[in-house]
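Here is a quick tour of a protein model, written for someone new to reading structures. Have a look at the picture first, then read on.

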Amino acid sequence: MENCLFCKIVSGEIPSRKIYEDDEFLVFHDIQPAAPVHAVMIPKKHIASMDEAGGEDFALIGRLHQVAQETSRKLGLAETGYRLINNCGPDGGQTVFHLHYHLLGGAKLGALTGISGSHAE
Ligand code: 5GP
Ligand code: ZN
């Protein structure tokens, strides 16, 4: 899709440090890592967000979880553990509107951050 950052990474218009690629998926290092290991995992198909997924996309997303497991092993995270995150929409903190998962590891990660400030319970 035009003007989509991750579609441009898929096409090679924007370079990335690739970790894994096949016909359906691309995994690359995040440009601003939030952990010692921080990979971004995307389907090559443009799906704007988890909320936009439908039909066969869910099987694709299922296969993306298999790629996550394989990538965690490739990056040496399987033994120590890792976190797989999907941010959806503005409240979820999504900034790039091409569905993706973050794969984070390489250190003991902090607790999940949820609502903060006056809304926190
Ligand atoms: P989101 O905030 O949408 O869940 O995640 C988008 C992620 O994409 C962020 O972690 C951000 O650092 C990463 N990112 C943004 N632009 C680029 C880029 O040009 N290259 C790479 N490799 N990662 C990017
Ligand atoms: Zn896209």
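Contact here means that heavy atoms lie within 4.5 Å. Leaving aside neighbours within four places in sequence, Ile85 touches His100, Tyr101, His102 and Leu104 in this sense. Ile85 counts as partly exposed because its relative accessibility is 21%; buried means under 20%, exposed over 50%, and partly exposed in between (1.4 Å probe, protein chains only).

A word on the ground rules: this is a predicted model, where local features need pLDDT of at least 70 and side-chain atom pairs count only at 80 or more, while totals for chains, interfaces and linings use all residues. Residues are numbered from 1 along each chain as its sequence is written, chains are lettered from A and ligands numbered from 1 in written order, and side-chain values use heavy atoms, with hydrogens and water left out.

Now for the metal. Which residues hold the zinc ion (ligand 2)? Donors are N, O and S atoms within 2.8 Å of the metal (3.2 Å for Na, K and Ca); water is not among the atoms, so sites may look incomplete. The distances run from 2.0 to 2.3 Å.

| Residue | Donor atom | Metal |
|---|---|---|
| Cys4 | SG | zinc ion (ligand 2) |
| Cys7 | SG | zinc ion (ligand 2) |
| His46 | ND1 | zinc ion (ligand 2) |
| His98 | ND1 | zinc ion (ligand 2) |

Along the chain, these donors follow the spacing C-x2-C-x38-H-x51-H. Cys4 and His98 are both buried.
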